[in-house]
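User: I am new to this structure and would like a close look at a single part of it. Please keep the account plain.

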Amino acid sequence: MTALAWLLAILLWLSAAGCLLHPRRRTAIFLLQAFFALLALSWWHMGLGWLGLAELIIGTGLIGVLCHRSTRWLSAQPVDDAGQPS
């Protein structure tokens with residue numbers, strides 16, 4: 001295994017853990033996008049550039065935009081006394 005492969009593996013684990021454990025939603029979404037970008041780099045490093053490109057477009061782009069927009073939509077929703085969207 002090369003040094004780049006080890007670095008990508010460590011960064012993938014760190015970004016995945018940060019995404020799951022971070023208390024702020026926006027930061028967790030940015031970490032999720034970083035995870036997808038690192039995963040795309042990993043696919044490219046393994047010689048599967050087309051899969052890396054698909055991961056970059058779908059994971060980082062589409063899913064990231066959907067997560068950011070849904071977070072904005074959820075924060076605009078009124079909340080009742082129990083903390084649930086009404």
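Is Leu53 buried, partly exposed or exposed?

Analyst: This is a predicted model, in which local features need pLDDT of at least 70, side-chain atom pairs count only at pLDDT 80 or more, and totals for chains, interfaces and linings use all residues. Residues are numbered from 1 along each chain as its sequence is written, and side-chain values use heavy atoms, with hydrogens and water left out.

Leu53 counts as partly exposed, because its relative accessibility is 49% and that class lies between buried (under 20% relative accessible area) and exposed (over 50%), with a 1.4 Å probe and protein chains only. Leu53 is part of helix α3; helices are DSSP runs (H or I, at least four residues), numbered from the N terminus. Helix α3 covers residues 49-76.

Leu53 also belongs to a nonpolar surface patch, together with Leu56, Ile57, Ile58, Leu62, Ile63 and Leu66. The accessible area of this patch is about 640 Å² in total, by the Shrake-Rupley method with a 1.4 Å probe, where for residues only the protein chains shown count as cover. Patch residues have over 30% relative accessible area and no salt bridge, and nonpolar side chains (Val, Leu, Ile, Met, Phe, Trp, Tyr) are joined within 5 Å. A salt bridge is a side-chain nitrogen of Lys or Arg within 4 Å of a carboxyl oxygen of Asp or Glu.

Elsewhere in helix α3 is Arg72, which is exposed, with a relative accessible area of 55%.

Definitions and conventions: Helices (H or I, at least four residues) and strands (E, at least two) are DSSP runs, numbered from the N terminus. Patches are made of residues with over 30% relative accessible area and no salt bridge: like charges are joined within 9 Å, nonpolar side chains (Val, Leu, Ile, Met, Phe, Trp, Tyr) within 5 Å.
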